Amino acid sequence: PLLPILELKASGKAGRHFHVHIQPCVAEGFFQASKLGPTRNALRYHKLFEGEARDIASEVATPYYNSVILRESAMMRHLEQLHSSVELCPAMVDAVHVFSVWL
């Protein structure tokens, strides 16, 4: 999915070899999971468009958007689980690298 990523590059020679990617994520519990179901519409009209007629039937479900928000909210928990797994089994690093190449 197309998620925002902040890319930082060092200036000079280091900038050609050194990049930092920062991916912002939503804190877990920020959105209620019950409102992000596959049959729900999570997009709302802005106050700018209140004067226009709104068709309730046009507010279709947004399952892809909802799943991206849920996935983002689980990122920190997933990262913590990976770190604890690596502490228990150092070979997990190689397994994760191989798995990321297959995807």
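Below is a short chat about this predicted model.

Colleague: What should I know before reading the numbers?
Modeller: This is a predicted model, where local features need pLDDT of at least 70, side-chain atom pairs count only at pLDDT 80 or more, and totals for chains, interfaces and linings use all residues. Residues are numbered from 1 along each chain as its sequence is written, and side-chain values use heavy atoms, without hydrogens and water.

Colleague: How many salt bridges does the structure hold?
Modeller: One, counting a side-chain nitrogen of Lys or Arg within 4 Å of a carboxyl oxygen of Asp or Glu. Glu28 pairs with Arg77, and their closest N and O atoms are 3.1 Å apart.

Colleague: Which parts does the pair tie together?
Modeller: Glu28 lies in the loop between β2 (19-22) and α2 (63-73), and Arg77 is in helix α3, so the pair ties together parts 49 residues apart in sequence. Helices are DSSP runs of H or I, at least four residues, and strands are runs of E, at least two, numbered from the N terminus.

Colleague: Switching to α3 and α4, which residues meet there?
Modeller: Leu82, Ser85 and Val86 in α3 meet Met92, Val93 and Val96 in α4, with contact meaning heavy atoms within 4.5 Å. By class, that contact has five nonpolar, one polar and no charged residues. Here Ala, Val, Leu, Ile, Met, Phe, Trp, Tyr, Cys and Pro count as nonpolar, Asp, Glu, Lys and Arg as charged, and the others, Gly among them, as polar.
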